[in-house]
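Let's take a walk through this one together.

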Amino acid sequence: MSNLLRGVNLYLIGMMGVGKTTVGRLLAKELGYGFLDTDDVIVKAAGKSINEIFVDEGEAEFRQLESDVLAQVCAYTKLTIATGGGIVLRRENWGYLRHGLIVWLDAPVEILLNRLAEDDTRPLLQDSDPEGKLRSLLEQRQSLYSQADLHITIAATQTPEQIVTCVLDAIPSVLKNQDFQQQN
Ligand SMILES: Nc1ncnc2c1ncn2[C@@H]1O[C@H](COP(=O)(O)OP(=O)(O)O)[C@@H](O)[C@H]1O
Ligand SMILES: O=C(O)C1=C[C@@H](OP(=O)(O)O)[C@@H](O)[C@H](O)C1
Ligand SMILES: [Mg+2]
């Protein structure tokens, strides 16, 4: 598979809680790729948590840091990159994401809510109505996520390992399509 990809980076996009970080790490291992999470890079560079960045500097500054990180990492090859759920919001980010293969991990809000119920590390979910918040974020972002090269729909019972298999199985079809587009 890594021969087929020829070092092209994989970018995982999708809603918070869908498993981009968890699946991305396993996918990288499977491909013999390096793994990066844009949130982790931001946290390390800023020396504070995502919550602290949102409180101290605000979401707009976080989005700027996110774009800066993406601009840096897209210069490298052989990486699987788990992005933050809001990476799709800025038009300039798409220019960076398009350097690689973009994979949308998609799961119903019920699954996301269930996974994030006890989680206090997502500032946008510190809301009196987390379900409503997730639904409105998804509504705002769905058409952006759908611009991905690959759409992987996730069921509640699927393990991260099974999702990795789904992604690996789907990659050849999209690479074939891209070759086809290039030839024409
Ligand atoms: N396939 C899965 N099945 C069960 N739990 C999962 C699965 N994928 C991720 N999780 C759990 O859901 C939570 C959110 O996963 P995470 O990888 O951080 O998502 P994201 O990076 O998309 O926000 C974590 O607690 C993680 O362990
Ligand atoms: O959806 C979002 O806007 C966000 C998702 C988070 O990452 P995950 O998608 O990895 O949870 C993190 O970047 C930040 O809390 C904002
Ligand atoms: Mg994550």
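In what order do the five strands of the open sheet lie? Reading across, the order is E2-E3-E1-E4-E5, and the pairing is parallel. Keep in mind as you look that this is a predicted model. The edges of the sheet are strand E2 (34–37) and strand E5 (150–153), each of which pairs on one side only. Neighbouring strands are turned against each other by 20 degrees on average, if you ignore direction.

Zoom in on E1 for a moment. Strand E1 (residues 10–13) pairs with strand E4 (residues 101–106) in the parallel sense, over four bridges. If you'd like a spot to check by eye, go to Ile13: its bridge partner in E4 is Trp104.

Helix H3 (residues 38–46) lies across E2 and strand E3 (79–82), and it runs at about 70 degrees to E2. H3 also meets helix H5 (residues 59–73): their axes come within 10 Å and cross at roughly 110 degrees. Angles of 65 to 115 degrees count as roughly perpendicular, so that is how H3 sits relative to H5. On the H3 side the contact is made by Thr38, Asp39, Val41 and Ile42, and on the H5 side by Phe62, Leu65, Glu66 and Val69.

An unreviewed UniProt entry places the feature "binding site" at Asp39, Arg63, Gly85 and Arg141. In the model, the lining of the largest pocket includes Asp39, Arg63, Gly85 and Arg141. To find Gly85, look in the loop between E3 and helix H6 (91–97).

There's another set to look at. The "binding site" annotation in the unreviewed UniProt entry also covers Gly17, Val18, Gly19, Lys20, Thr21, Thr22, Arg122 and Gln158. These residues span 142 residues in sequence, and the farthest two C-alpha atoms are 23.0 Å apart, so they do not all gather at one spot. From this set, the lining of the largest pocket takes in Gly17, Val18, Gly19, Lys20, Thr21, Thr22 and Arg122. Gly17 brings us back to the sheet: its place is in the loop between E1 and helix H2 (20–31).

Key:
Residues are numbered from 1 along each chain as its sequence is written. Chains are lettered from A and ligands numbered from 1 in the order in which they are written. This is a predicted model: local features need pLDDT of at least 70, side-chain atom pairs count only at pLDDT 80 or more; totals for chains, interfaces and linings use all residues. Side-chain values use heavy atoms; hydrogens and water are left out. Two strands pair if DSSP finds at least two bridges between them. Helices (H or I, at least four residues) and strands (E, at least two) are DSSP runs, numbered from the N terminus. Axes are lines fitted to C-alpha atoms, for helices over the stretch in contact, and angles run from 0 to 180 degrees between N-to-C directions. Contact means heavy atoms within 4.5 Å. Angles under 35 degrees count as roughly parallel, over 145 as roughly antiparallel, 65 to 115 as roughly perpendicular and the rest as oblique. UniProt positions are given in the numbering used here, feature names are shortened, and annotations may be inferred rather than shown by experiment. On a 1 Å grid over the protein atoms alone, a cavity is a set of points where a 1.4 Å probe fits but cannot get out, and a pocket is an open set with protein on both sides within 12 Å along at least five of seven lines; lining residues have an atom within 4 Å of a point.
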